Amino acid sequence: MADFEGAGQAFMAWLQQSGAEVSPKIKLEDLRHAQAGRGVVATQDIAEHELLFRIPRSAILSVENSILSKEIPAATFEMLGPWASLILVMLYEYFNGDASNWAAYFLVLPEDFNTLMYWTEDELAELQASAVLNKIGKESANEMFLEQLIPVIKEFAPIFFADDERAPQRAEEMRDERNLALMHRMGSLIMAYAFDVEPSVSKKDVDEEGYASEDEDEALPKGMVPLADMLNADADRNNARLFYEASSLDMKAIKPIRAGEEIFNDYGPLPRSDLLRRYGYITDNYAQYDVAEISMDLVTDLAAVAGIYSEARIEYLDEQEIIDTGYDIAVSEPFTLQESLSPELVVLVETLLLPGEEFDRLKKKGKLPKPEKMTGSGAEFLHKLIQTRLSQYSTSLEDDVRNDTGVPSVAGHDVKERRFAMAKAVRIGEKRLLKQVEEALAEKLSREGNTTKRAREVDEEGDVEMGGTGKKQRA
């Protein structure tokens, strides 16, 4: 307890020495009893828009701020990309120990994680057919460490392990299990705590919360923002937001906060499966963002069985940016098929079902079917698709719900028991969503008639009415 509290106090002292401004109305608090590590709590009433803390850009643990960026060619960091570059810098600063500017910061960062990367095979099996299993990336991370990161460390060993005559040997030892585990720890810290830090002179479109589009997010430099990452997140109780200024990152209250209340950030619209993958826990507050993914492979397989698969149409849809590795079925409130079904998935199915002449006509015009104009045959195919997706789970929704006792509290329950329960909650959420869509499609088919093909609207030239999908960013 003393070490935990002492590390927290040393961290706060270092933060202020680094030029940070911290409101006297907040404090760092031990929340381990709630399985929340450290958190930030209000000690006095705080008004809306009031500054909670201001972190100078120079205090961010980033490639730009590390001495290593001045010692290694910029082309090397460009080759590695944002993620691997920050892992490299964090390893360098970590090995520097007390000499690192961020030594006190490393002492308050967690060493153990509950994220899916650290789950055992039997624990992961409880997720059944959840698409999140394909996003864990442990093998690809190991490949990146061995093929990209370690070669760079070996090439610049005298710089990376400065003033150490064993530098070449230490670089070779980076392949050891212990050091690979350390790389995974740094990667896990980045996944759970790093921010996409837009440079002070913006080159990309980010909103006031620092969120960029999916493509631009990949290219933004990553940075560890001390204290900002100590805030726990809650979709319903979010009361603070990080604002990007020219010389600092400012955390401000976005609503009044009473003395004694915890200060919460928000992760954005993350489904519980990704919450578990990235942060190692789930909360019902994020059930509103749940998704169930339909893989492109499943669509392709069923289309082939139905005799409607066409490589030429797939190529055209790819040109129109409709083809993806998977399509999300999302929660909508109130529920509607149009809001829950991915518009790209509907367009994909409707395009594959088009008569030949109709497809040739829309291709010539460079247009697409409108996702809101679902035909009877389209609904029938989608219904079969959802049923097949549900059958991929090894237990039924009814069985899961019947045997569900909820996620147990931390006290009195072991890690495996909690992981099993969290996995069950994730798969129940996905199955409920799929079942809701399946029933809605069945009702639509029953109402309109299984074999009835609703006429497509035509324009004044007699052509089928087409249009874009209004593509939505996937969670």
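Glu-311, Glu-315, Asp-318, Glu-319 and Glu-321 come together as a patch of negative charge on the surface of this predicted model. Such a patch is built from residues with over 30% relative accessible area and no salt bridge, like charges being joined within 9 Å and nonpolar side chains (Val, Leu, Ile, Met, Phe, Trp, Tyr) within 5 Å. Glu-315, one of the patch members, sits in helix α13 (residues 311-319), where helices (H or I, at least four residues) and strands (E, at least two) are DSSP runs numbered from the N terminus. Its relative accessibility is 48%, so Glu-315 counts as partly exposed; buried means under 20% relative accessible area, exposed over 50%, and partly exposed in between (1.4 Å probe, protein chains only). The areas themselves come from the Shrake-Rupley method with a 1.4 Å probe, and for residues only the protein chains shown count as cover.

Because this is a predicted model, local features need pLDDT of at least 70 and side-chain atom pairs count only at pLDDT 80 or more, whereas totals for chains, interfaces and linings use all residues. Residues are numbered from 1 along each chain as its sequence is written, and side-chain values use heavy atoms, with hydrogens and water left out.

Helix α19 (residues 415-448) has 34 residues and reaches 50 Å from its first C-alpha to its last, close to the 50 Å expected at 1.5 Å a residue; the expected span is 1.5 Å times one less than the number of residues. The helix is followed by Gly-449, which has a positive phi near 95 degrees.

The whole structure holds 23 salt bridges, each being a side-chain nitrogen of Lys or Arg within 4 Å of a carboxyl oxygen of Asp or Glu. Three of these pairs are set out below.

| Pair | Closest N to O distance |
|---|---|
| Lys-27 and Glu-29 | 3.2 Å |
| Glu-443 and Arg-447 | 3.8 Å |

Glu-443 and Arg-447 are separated by about one helical turn because they are four residues apart in helix α19. Lys-444 and Glu-448 also lie four residues apart in α19, about one turn of the helix. An α-helix has 3.6 residues a turn, so residues three or four places apart point the same way. Glu-443 is exposed at 51% relative accessible area and Arg-447 is exposed at 57%, whereas Lys-444 counts as buried at 10% and Glu-448 as partly exposed at 25%.

His-49, in the loop between β3 (38-42) and β4 (51-56), has a positive phi of about 75 degrees although it is not a glycine, and His-49 is exposed at 59% relative accessibility. Asp-163, likewise not a glycine, has a positive phi of about 60 degrees; Asp-163 lies in the loop between α7 (157-160) and α8 (167-172) and is exposed at 85% relative accessibility. The peptide bond from Glu-333 to Pro-334 is cis, with omega near 0 degrees, and Pro-334 belongs to the loop between β13 (326-330) and α14 (337-340).

How values were computed. Lys, Arg positive; Asp, Glu negative; His and termini not counted. Charge placed at Lys NZ, Arg CZ, Asp CG, Glu CD.
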